[in-house]
Every structure is written in C-alpha cells, then in structure tokens.
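Dear colleague,

Please find below the structure that I am handing over to you, with its sequence. My findings follow directly after it.

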Amino acid sequence: MSVYPTKLAIEGDDHLLIEWSDGRRLRYGFRKLREACPCATCREKREAPPAPANLLTVLSPAETQPLRVVGMKPVGNYAYTIAFSDGHDTGIYSFERLLELGEATQGGRQVEECNIQK
Ligand SMILES: [Zn+2]
C-alpha cells in the first residue's frame, strides 16, 4: 500500500473530502459515492437492464431525502466501509477505488489549512 487517507472531512451538505498521503485532496459527492457502491447487491442492480417505464421503482421515503454519509469505518489498511443515511453500509470502498472516484480540489480553501505541515 503506498497511498492512504490522512484526513477525512465532511464538506458542506453533500461532499466528503479526503486528504491522501501523497498530498492529493479529493472530493466525493455523497450521491456519487452511493451510486458507486461496490457491494454485490448494488453491482447487480447497476448491471440489470433498465426497468420498463411503467415498472419504475417507487422511491422509498429514504430515497427522497438528501443522501448523507453518516459513518466510515476502516477495513484493514486498504479500504473503508461507508454508511449512508439510506441505511446502506455494506459497500467496501478500497483506497484504490476512492482515488479513482475523487474529484481533485485545489486552491480557494487554503485558509483553513495553515496547520498542515509541508
Ligand atoms: Zn451497495
């Protein structure tokens, strides 16, 4: 393992921010993370053919709420499980996968970062 998270933070209402040991700071929209859930159930759902329009799944109350990340737990030293506000928490997000999913951030928010050692 070469790169690992050094800091996790929730940013605003809908983003997770992860700082990595190589200095990258990546953002993750909660919804995007949830949609990328790597667990078997979600993978199957994503790979299933789209339902015909008249069979569209009715949204459960949880699905109409703004989605949030409510918890993260390390798995060994290579991944996190992420718990979402819709009750789903079985996805194991490897660091590798998280590095792929993140959107790079830069500048603009450096004011709060003066305690970071260079
Ligand atoms: Zn899942």
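Helices (H or I, at least four residues) and strands (E, at least two residues) are taken here as DSSP runs, numbered from the N terminus. Please bear in mind that this is a predicted model.

In these terms, the protein contains four helices and seven strands. Read from the N terminus, its elements follow the order β-β-β-α-α-α-β-β-β-α-β. Of the contacts with a separation of 6 or more, 41% are between residues 24 or more positions apart.

Gly71 belongs to strand E4, which spans residues 69-75. Gly71 counts as exposed because 12 other C-beta atoms lie within 10 Å, and a residue is exposed at 12 or fewer. Twelve residues separate Gly71 from Ala83 in sequence, while their C-alpha atoms are 4.9 Å apart in space.

As to the interior, buried residues account for 10% of the 118 residues in the protein. The largest nonpolar core has ten residues: Leu16, Ile18, Tyr28, Phe30, Leu33, Leu67, Tyr80, Ile82, Tyr93 and Leu98. Strand E2 (15-20), helix H1 (30-35) and strand E5 (79-84) are the elements that each supply two or more residues to this core.

Beyond its neighbours within four places in sequence, Leu67 is in contact with Phe30, Arg31, Arg34, Phe84, Ser85 and Asp86.

With kind regards

Conventions:
Residues are numbered from 1 along each chain as its sequence is written. This is a predicted model: local features need pLDDT of at least 70, side-chain atom pairs count only at pLDDT 80 or more; totals for chains, interfaces and linings use all residues. A nonpolar core is a set of buried Ala, Val, Leu, Ile, Met, Phe, Trp, Tyr and Cys residues joined through C-beta atoms within 7 Å. A residue is buried if 20 or more other C-beta atoms lie within 10 Å of its own, exposed if 12 or fewer, and partly exposed in between; C-beta atoms are placed from the backbone. Two residues are in contact if their C-beta atoms, placed from the backbone, lie within 7 Å.
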